[in-house]
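Dear colleague,

Please find below the structure that I am handing over to you. My notes on the sheet and the helices follow it.

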Amino acid sequence: MTAAPDHVPGHILIVEDEPRLAAVLGEYLQAAGYTHGWVADGAEAMAAFHAQSPDLVLLDVMLPNRDGMTICRDLRAASAVPVIMVTARVEEIDRLLGLEIGADDYICKPFSPREVIARVQVVLRRHRHDPSVALLPTLVIDEAACRASVDGRALDLTQVEFRLLRTLAAAPGRVYSREQLMDRLYADHRIVTDRTVDSHVKNLRRKLAEVGGEEWLRSVYGVGYRFER
């Protein structure tokens, strides 16, 4: 089968204990031009990873014998391969974010297989970028001077807005909860509310809009924010 022209094919490792779901994902991945492997037991995940050298891992959170979060930490210690976590429990999202285990994205069950393929393509495109230009060529962040500009046009940012932009832009696609952002925005760890973060995001969006970057800050309902272009 010929791969779709808008992405480079790769090999995907599916770590999922539901055979029917794994089979459906495999069919959609194959139709999109990817090869894939599958393991159902968490204890076999790392051996399969080393044997198959996948370009991306689709990793369920709830697995027999070894949970997905532990596996993700093991993967991060061994490789920079992108990982998309899959969870059936909405409450797991806060744990995925709060533990900072290194996953590149997450998907909640039930989901559309087409959505999974779209996420795989986005994560792989982002991961395959040259690291020297991954921060977007038009955005320049000068950490030493605490300044940022887009196409040479300076952004008039407060110190908190600068830290917010620096944090989000340094990890495109990663979702940060409001609590995580609060920890990074205030060096003195002052007590602030979620709404304070929302207010800073609103102001930063307004300033980015002046240089054509209003869509770079994306809201993730019920979770937080991410930087994406």
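The notes below begin with the sheet and then turn to the helices.

This is a predicted model, in which local features need pLDDT of at least 70 and side-chain atom pairs count only at pLDDT 80 or more, while totals for chains, interfaces and linings use all residues. Residues are numbered from 1 along each chain as its sequence is written, and side-chain values use heavy atoms, with hydrogens and water left out.

Helices (H or I, at least four residues) and strands (E, at least two) are DSSP runs, numbered from the N terminus. Five strands form an open sheet in the order S2-S1-S3-S4-S5, with parallel pairing (two strands pair if DSSP finds at least two bridges between them). Strand S2 (35-39) and S5 are the edge strands with a single partner each, so one side of each has no neighbour in the sheet. From one strand to the next, the twist averages 20° (axes are lines fitted to C-alpha atoms, for helices over the stretch in contact, and angles run from 0 to 180 degrees between N-to-C directions). S3 and S4 run parallel and are joined by four bridges; Val-57 has Val-83 in S4 as its bridge partner.

H5 packs on the sheet, touching S1, S3, S4 and S5 (contact means heavy atoms within 4.5 Å), and its direction makes about 175° with that of S5. Helix H2 (residues 45-52) lies across S1, S2 and S3 and runs at about 170° to S1.

With kind regards
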